[in-house]
Amino acid sequence: MEFTYETVAFFIFALTTLGSGIMVVTDENLFHASLYLLFSLFGVSGLFVLLVAPFLAAVQVLVYMGAIGILIIFAIMLTRGMMKMDQVYNSQRVAAAVVAVLLFIALAVTLTPIVDELEFGEDLNAELAEDPVADVTYETVNELGKVITDRNGFVLPFEVASLLLTAAMIGAIVVAREDEA
Amino acid sequence: MVFNTDVTANFWAVAPEIALAIIGLIVLGLDLYSRESQRRDVGYFAGFLLLALAAATVFVPTPDGSLSEQLVLGGMLRHDQFTQIFRTMIYIAAALTCFIAMGDNRMRYKGEFYLLVIVATIGASLLAGASDLVMVFVALETLSISLYALAGFVRDDARSAESGLKYFLIGSFATGFTLYGFSLLYGFTGATQIYGPDGIGQQLAAGKLNDAPIIVAMMMIVVGFGFKISAVPFHFWTPDVYEGSPTAMTAFVSVASKAASFAVLLRFMLAVFPPEKLAVGAAADYSELWVPLISVLAVITMTIGNVVALVQKNIKRLLAYSSIAQAGYALMGVAAIATTDGGQGAASVAFYMFMYILTNILAFGCIIVFANATGSETIADFASLGRRNLWLAMFMTIALLSLGGIPPAAGFIGKFYLFRAAVDADLILLAVAGVLNSIIALYYYLVIIKVMFVDPSPDEDKDIPMPANYAWVLGAASLAVVLLGTVLANPVIDWATQAGLELFI
Amino acid sequence: MVPLYMYLLVAAALFCIGVFGVLSRRNAIAILMGIELMLNAVNINLVAFWRYLKPDEINGQVFAAFVFVVAAAEAAVGLALIISVYRNRNTVEAEDINLLKW
């Protein structure tokens with residue numbers, strides 16, 4: 001890996017994502033944790049930019065940080081009573097840490113060439129070592145729009161997703177609204 | 001891969017879902033424009049339309065012959081008899097759920113309840129046919145998110161809200177694992193389509209990848225699906241959610257979600273990690289990995305489910321553990337699909353789910369009637385039910401006999417075919433474990449029957465009223481359970497066998 | 001140029017941080033935030049695989065877009081349930097959701 005602007009940017013975004021991510025799961029103050037979540041999501045959106053997916057990066061900021069992040073902050077404020085917690089963790093904190101670390105080791109060893117013998121197959125190893133195909137178009141939005149409305153593309157999941165959003169909205173209203181007494 | 005682009009074939013492939021979406025919109029409109037006292041009719045309306053849809057689905061033509069004819073809408077869905085049989089049973093489950101929900105005052109006047117049931121049904125029915133990772137994911141979440149809202153539907157009941165939250169947190173956690181596994185599968189092959197020469201299955205079978213990353217992806221996906229079908233050790237949410245949710249909702253979760261998850265598990269394992277005979281010129285046979293994995297899951301699931309069920313005091317918790325055990329039996333059929341020739345494995349699971357849906361809804365319907373009259377869900381309070389309301393006790397007995405696998409109820413034939421599929425697949429030990437477990441299970445089912453007909457009760461002279469609409473629904477369901485175990489057994493098994501065979505095209 | 005496995009490593013780490021959060025936190029909202037981290041890890045995976053292995057087909061980005069949609073729906077319903085529980089009990093501590101319990 002050479003030292004270029006791209007690698008520097010990658011490390012900045014990756015460290016933002018992971019560092020804030022760790023704060024999300026360890027910070028004692030729930031409100032602070034939610035702000036760290038926003039930072040972490042921002043880091044992910046930076047990674048999307050580096051991966052030449054500008055549309056998804058924008059959606060990440062709008063939907064994830066804008067909608068979901070704000071929704072979470074709303075929920076924290078609406079349930080203000082437990083913002084300050086006596087106990088952050090349940091009784092399985094140590095077991096959870098062990099599970100997470102073991103899972104990470106398993107993923108890292110199998111998915112990345114850290115240990116020589118355990119890599120992807122030959123075909124993929126070659127690709128993993130090489131640079132990605134250079135001629136990626138930046139106009140993926142066009143293509144994305146066409147594919148999700150194409151009868152021979154992803155139109156069915158697209159339509160079902162709209163039903164899902166409707167049902168989720170109605171469900172959320174039914175579950176959360178005050179009784180009209 | 002060439003897909004079927006014929007407009008008519010594409011329309012028929014999603015016609016049931018289109019009909020469901022229309023029914024859902026009508027239900028919403030009716031709910032909005034009808035008076036409070038008439039709202040209950042919305043439930044009848046939804047229920048009867050769903051039943052009609054279940055009947056109509058049987059006659060929807062599927063493209064026959066080749067895989068490329070059956071893959072429709074850009075390969076999102078595979079329209080075969082396997083999809084059709086699971087769709088039919090899911091619609092029946094949804095219809096019966098609408099009918100048995102009407103006794104619950106907290107839900108019957110709410111059109112939203114029926115809408116959420118219908119959207120969950122759309123998700124479940126697409127899940128049965130989904131043949132693309134994106135479609136599997138979206139359908140799975142359409143089903144699950146509607147169910148989370150349904151579990152927490154009764155918002156002034158703390159137990160319902162809590163079980164909804166628990167179901168949500170654990171369900172989404174499981175989704176995270178499934179999804180991570182999906183992203184790896186996409187990474188290994190660059191495809192989201194599970195069928196076809198350039199689909200995930202055939203590419204993995206070509207053996208160009210090392211085993212370790214594929215095993216990681218497979219484990220992640222099995223963990224995710226394991227949560228959904230409540231296989232041990234991913235079952236711990238089941239008793240709490242079943243006990244806390246409104247009973248009609250419990251009935252729906254226990255059948256619709258489970259049937260759809262088994263459908264996708266069968267299709268997914270067979271297509272993505274194909275056994276040798278399904279992969280042309282295969283270099284790698286990953287079914288050698290997942291068949292032992294699923295077999296072990298099956299044995300521990302049925303054993304833990306049955307043993308813990310023995311000590312339960314609450315009838316809903318008992319049925320929760322019993323449903324864990326039933327999932328264990330059905331997993332035997334999943335383990336058998338890779339090695340049986342004629343698709344008996346898939347056929348036996350399809351038949352088993354058909355009988356399980358009818359039986360479980362019948363059991364939960366009886367519990368609703370009983371709990372409405374007495375306010376109790378404790379097994380001991382069922383004492384002398386036979387003298388307090390003979391019909392209710394009879395219906396409950398039929399349900400329990402079917403769950404226990406005693407003829408003439410359908411459960412006997414269901415279990416018989418599962419065990420036979422396991423034996424045919426040379427999984428003899430698995431079949432033996434299944435038989436031993438059925439014997440343990442018989443004990444706690446028979447104890448309830450004994451309590452109902454033999455044990456004395458201080459309230460012996462108090463009748464338990466059964467509303468006329470319940471009498472009809474439960475009577476019809478009991479009749480269906482018995483018919484499925486006798487005269488209807490052969491036609492349905494033939495249908496299931498054809499469905500199983502089509503998975504191997 | 002950053003090699004693909006670096007992105008996979010970041011995604012794996014983020015996923016495991018999320019898993020730790022879900023398994024160890026008491027508060028339901030904190031658990032939900034752990035789940036969001038897991039879903040983001042999946043999206044990094046999808047987009048990185050798309051960029052490095054299949055940039056000529058848009059599938060990976062489509063998949064990631066659907067993950068966004070579903071995550072939004074899931075968060076809405078989940079937070080509604082959290083608020084409903086809070087009204088009933090004045091707490092959303094999830095101690096009894098022992099995820100590792102048999």
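Which residue takes a positive phi just after H9(B)?

Modeller: That would be Ser230(B), with a phi of about 50 degrees. Keep in mind that this is a predicted model: local features need pLDDT of at least 70, side-chain atom pairs count only at pLDDT 80 or more, and totals for chains, interfaces and linings use all residues. As for labels, residues are numbered from 1 along each chain as its sequence is written, while chains are lettered from A and ligands numbered from 1 in the order in which they are written.

H9(B) is mostly covered, with 13 of its 18 residues buried. Buried here takes 20 or more other C-beta atoms within 10 Å of a residue's own, exposed takes 12 or fewer, and partly exposed is in between, with C-beta atoms placed from the backbone.

Still on chain B, let's move to where it touches chain C. Chain B puts 30 residues into that contact and chain C puts in 36, a contact being two C-beta atoms, placed from the backbone, within 7 Å. On the chain B side, H6 (133-151) and H7 (158-189) are the elements giving two or more residues, and H7(B) has the largest share, 16 residues. By class, that side holds 18 nonpolar, 8 polar and 4 charged residues. (Ala, Val, Leu, Ile, Met, Phe, Trp, Tyr, Cys and Pro count as nonpolar, Asp, Glu, Lys and Arg as charged, and the others, Gly among them, as polar.)

Chain C also meets chain A: 67 residues of chain C are in contact with 79 of chain A. On the chain C side, H1 (4-24), H2 (28-53) and H3 (59-89) each give two or more residues, and H3(C) gives the largest share, 20 residues. That side of chain C splits into 50 nonpolar, 11 polar and 6 charged residues.

Key: Helices (H or I, at least four residues) and strands (E, at least two) are DSSP runs, numbered from the N terminus.
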